[in-house]
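Grab a pencil and have the viewer open. Each exercise below gives you a task, and then we work through it together.

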Amino acid sequence: MATAELKENKESRNPEAGEFKDQVIYVGRVTKVVKGGKNFSFSALVVVGDGNGKVGFGLGKALEVPSAIKKGIESAKRNMIRVPLTSNGSLPHPVTGIFGSGSVLLKPAPEGTGIIAGAAVRAIMEAAGIHNVMTKSLGSSNPHNVVRATFEGLKELMDPYTVLTNRGLDQAEV
C-alpha cells in the first residue's frame, strides 16, 4: 500500500507549490502497541527545491502516507536555504557537513561530471539545481542524519563574491 503511493509521489509537481519540485526521500512506518492492539502511523522525509539554488527539507508525520508527505512538503517550504552555485552548476568550494554521527563530503566537479551521490544526497542536489558534484557519505547511513549533515554543509558554503567583499578586495583586482 505505502510503496505504490510512494512511487506515485516520488517526483511530482505540487500545483500549490508553483515552481517547487518535491521528492520523497524516506517513508517510515511507526507501530505503537496499545491495549486494544497496534496503532500505525507514517513519517515522511521530503526535500523541496526550485532547481535554482533554493532548497529545504521537512519531516511530516500522519496516520496516512499522503498526509505525511503533504505535511513534510509544507515543513520543507518553511525551512528553505539559499545555496551559492557556480556558472557550471557546481559548488564554489569543497565542504564537509556534520550532524550527529553522520558527515557528508561535498566537492565541486568539472562540467559533465553529473551528480555522484547516494539516494538522499542526490535528491537534495537535484532539488537545489546542482548538476556537477561529487559527494561521499561518511559515518551514519540513516537518511535523517545524512540529510541534516548535507544541509549543514550547504549552509557553510560561501559565494566567492561575498568573500571578496568581506576581504575588502575588488573583483577587478582578482
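**Exercise 1: the aromatic pair**

Task: Find how many aromatic pairs the whole structure holds, and describe the geometry.

Solution. Step one: a search of the whole structure turns up one aromatic pair. Step two: the partners are F57 and F151, with 4.8 Å from centre to centre and 50 degrees between the planes. Step three: planes under 30 degrees apart count as stacked and those over 60 as edge-to-face, with the rest called tilted, so at 50 degrees F57 and F151 form a tilted pair. Step four: look at where the rings come from. F57 sits in strand β4 and F151 in helix α4, 94 residues apart, so the pair links distant parts of the chain.

Keep in mind that you're looking at a predicted model. The mean pLDDT of the chain is 88, and 89% of the residues reach 70 or more. Residues 1-17 are another matter: their pLDDT is below 50, though this stretch has 26 contacts in the model beyond near neighbours in sequence.

**Exercise 2: buried or exposed?**

Task: Decide whether F57 and F151 are buried or exposed.

Solution. The cut-off you need is this: buried means under 20% relative accessible area. F57 has 15% relative accessibility, so F57 counts as buried. F151 has a relative accessible area of 2%, so F151 is buried too. For the chain as a whole, buried residues make up 40% of the 174 residues.

**Exercise 3: the strands around F57**

Task: Work out which residue is the bridge partner of F57, and which strands pair with β4.

Solution. Start on one side: β3 (residues 37-49) and β4 (residues 54-62) run antiparallel and are joined by eight bridges. Within that pairing, V47 has F57 as its bridge partner. Next, check the turn: the hairpin of β3 and β4 has four residues between the strands, and G51 takes a positive phi near 75 degrees there. Now the other pairing: three bridges join β4 to β5 (residues 80-82), again antiparallel. Here V55 stands opposite I81. To finish, zoom out: the chain has five helices and nine strands, in the order α-β-β-β-β-α-β-β-β-β-α-β-α-α from the N terminus.

**Exercise 4: a charged pair in the helix**

Task: Find which residues form the salt bridge, and where they lie.

Solution. First, a bit of background: side chains of opposite charge can pair when their charged atoms come close. The structure holds one salt bridge. E152 and K155 form this salt bridge, their closest N and O atoms being 3.7 Å apart. Both residues lie in helix α4 (residues 143-156), three residues apart, which is about one turn of the helix. Last, check accessibility: E152 is partly exposed because its relative accessibility is 29%, while K155, with a relative accessible area of 51%, is exposed.

Technical notes
Residues are numbered from 1 along each chain as its sequence is written. This is a predicted model: local features need pLDDT of at least 70, side-chain atom pairs count only at pLDDT 80 or more; totals for chains, interfaces and linings use all residues. Side-chain values use heavy atoms; hydrogens and water are left out. pLDDT is the predictor's confidence in each residue, from 0 to 100. Contact means heavy atoms within 4.5 Å. Helices (H or I, at least four residues) and strands (E, at least two) are DSSP runs, numbered from the N terminus. Buried means under 20% relative accessible area, exposed over 50%, partly exposed in between (1.4 Å probe, protein chains only). A salt bridge is a side-chain nitrogen of Lys or Arg within 4 Å of a carboxyl oxygen of Asp or Glu. Two strands pair if DSSP finds at least two bridges between them. Rings of Phe, Tyr and Trp (its six-membered ring) pair if their centres lie within 6.5 Å; planes under 30 degrees apart count as stacked, over 60 as edge-to-face and the rest as tilted.
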